[in-house]
Amino acid sequence: MTPHLIALDVDGTIVDYDGSLSESVRQVLDRLVEDGHHLVISTGRALPGALEVVHALDLKHGFVVCSNGSVVVRLDPELPLGWEMHHVVSFDPKDALEKMHKALPTALFLVEDPDLHRWASGAFPVGELAESDTLDIVDFDELLTKRATRIVMREVNGTAEEFAAAVDSLGLHEVSYSVGWSNWLDIAPDGVSKASGLALVASELGVEHVHTVGAGDGLNDIEMIEWAEHAIVMGQAKDELKVLATVVTDPVDDDGLAVALIDYFDLDESLLEATGTTNTRP
């Protein structure tokens, strides 16, 4: 088969929500790399969290799209760190932060700067950020002075419905944003998404759009799922994403990613018989 670009969300797609990678998924992804396909991690995670999965899958070459498309990294084992910055998009977060803070003054706020350093107005709940992430706690007003590749707003109180209503009231027209699973809002520069990052990667790799595959489970995957020629949506995803899918596969706990990729690439179904898991968190 012609080499494809295979864009994969991380949490809820490659790994479960505890960070566990099943051996079946690992073996399927290993086989696809062996067959010459381009595996591209495409995640809302910042680079440190994305690299946890890169290392777990032993990926040495190619590209990683992180921070929901604001940051694209090129992998190369010959480089001192094994990677280098390839493309970064940033914006002035002041107006968006002020609107968000006014709507939800008790929320936590995080800004990732173009150097990939992360600044936050308070500590996030344990387990929600990668342990390897660098995070400095500062006053909210200091966040207004930063340049940002991404903003996160996390409200630990209130219901999902209340959070969604507050987000709807913000009128965020000058940025791209997506609401996560648990009162979590990601904001990127206007026009930036996983899809924009992947389009750049496809161009760099010389992969025609007809040979693109995308898989995800969250609302920050909408643009990627719309962009991919063959769009795989995980079984536990919301209906808003499922209606955009080429294929709705099994949930992540049932190795849905492996099932869908075996079917599309006509791989040996015995790969699903592998047992065991690996925790991708350090």
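Select helix α1 (residues 23-34) and helix α9 (residues 256-265), which pack at an angle of about 30 degrees with their axes 9 Å apart. Axes here are lines fitted to C-alpha atoms, for helices over the stretch in contact, and angles run from 0 to 180 degrees between N-to-C directions. Helices (H or I, at least four residues) and strands (E, at least two) are DSSP runs, numbered from the N terminus. The model is predicted, and local features need pLDDT of at least 70, side-chain atom pairs count only at pLDDT 80 or more, while totals for chains, interfaces and linings use all residues. Residues are numbered from 1 along each chain as its sequence is written, and side-chain values use heavy atoms, with hydrogens and water left out.

Now show the side chains between the two helices. From α1, Ser24, Val25, Val28, Leu29 and Leu32 meet Leu257, Ala258, Leu261, Ile262 and Phe265 of α9; contact means heavy atoms within 4.5 Å. By class, this contact has nine nonpolar residues, one polar and no charged ones. In that scheme Ala, Val, Leu, Ile, Met, Phe, Trp, Tyr, Cys and Pro count as nonpolar, Asp, Glu, Lys and Arg as charged, and the others, Gly among them, as polar. The crossing of α1 past α9 is left-handed, that is, the near helix is turned anticlockwise from the far one by less than a right angle, clockwise being right-handed.

Next, select the rings. How many aromatic pairs does the count come to? The count is three, where rings of Phe, Tyr and Trp (its six-membered ring) pair if their centres lie within 6.5 Å, with planes under 30 degrees apart counted as stacked, over 60 as edge-to-face and the rest as tilted. One of the pairs is Phe109 with Phe140, edge-to-face at 5.3 Å centre to centre and 65 degrees between the planes. Phe109 belongs to strand β7 (residues 108-112) and Phe140 to helix α4 (residues 140-143), so the pair ties together parts that are 31 residues apart in sequence. Both Phe109 and Phe140 are buried; buried means under 20% relative accessible area, exposed over 50%, and partly exposed in between (1.4 Å probe, protein chains only).

Another edge-to-face pair is formed by Tyr264 and Phe265, at 4.9 Å centre to centre and 90 degrees between the planes. Tyr264 counts as partly exposed because its relative accessibility is 27%, whereas Phe265, at 7%, counts as buried.

Step on to Asp266. It is not a glycine, yet its phi is positive, about 55 degrees. Asp266 sits in the loop between α9 and β16 (277-279), and is exposed with a relative accessible area of 69%.

For a charge and a ring, select Lys146 and Trp119. Lys146 lies over the face of Trp119, at 3.6 Å from the ring centre. The rule asks for NZ of Lys or CZ of Arg within 6 Å of the ring centre and within 35 degrees of the ring normal.

Now go to the loop between β15 (247-248) and α9, and select Pro251 there. Is Pro251 buried or partly exposed? At 29% relative accessibility, Pro251 counts as partly exposed. Leaving aside neighbours within four places in sequence, Pro251 is in contact with Met234, Gly235, Gln236 and Gly256. Its C-alpha atom is separated by 9.0 Å from that of Val233, 18 residues apart along the chain.

Thr249 is also found in the loop between β15 and α9, and is buried with a relative accessible area of 9%. With neighbours within four places left aside, the contacts of Thr249 include Ile232, Val233, Leu257 and Ala260.

Move to helix α2 (residues 47-56). This helix is mostly covered, with eight of its ten residues buried. Among the buried ones are Leu47, Leu51, Glu52 and Val54. The buried residues of α2 pack against β2 (20-22), α1, β3 (38-42), β4 (62-66), β5 (71-75) and β6 (83-88). After α2 comes Asp58, with a positive phi near 60 degrees.

Finish at Ser67, in the loop between β4 and β5. Its phi is near 50 degrees, a positive value in a residue other than glycine. At 1% relative accessibility, Ser67 counts as buried.
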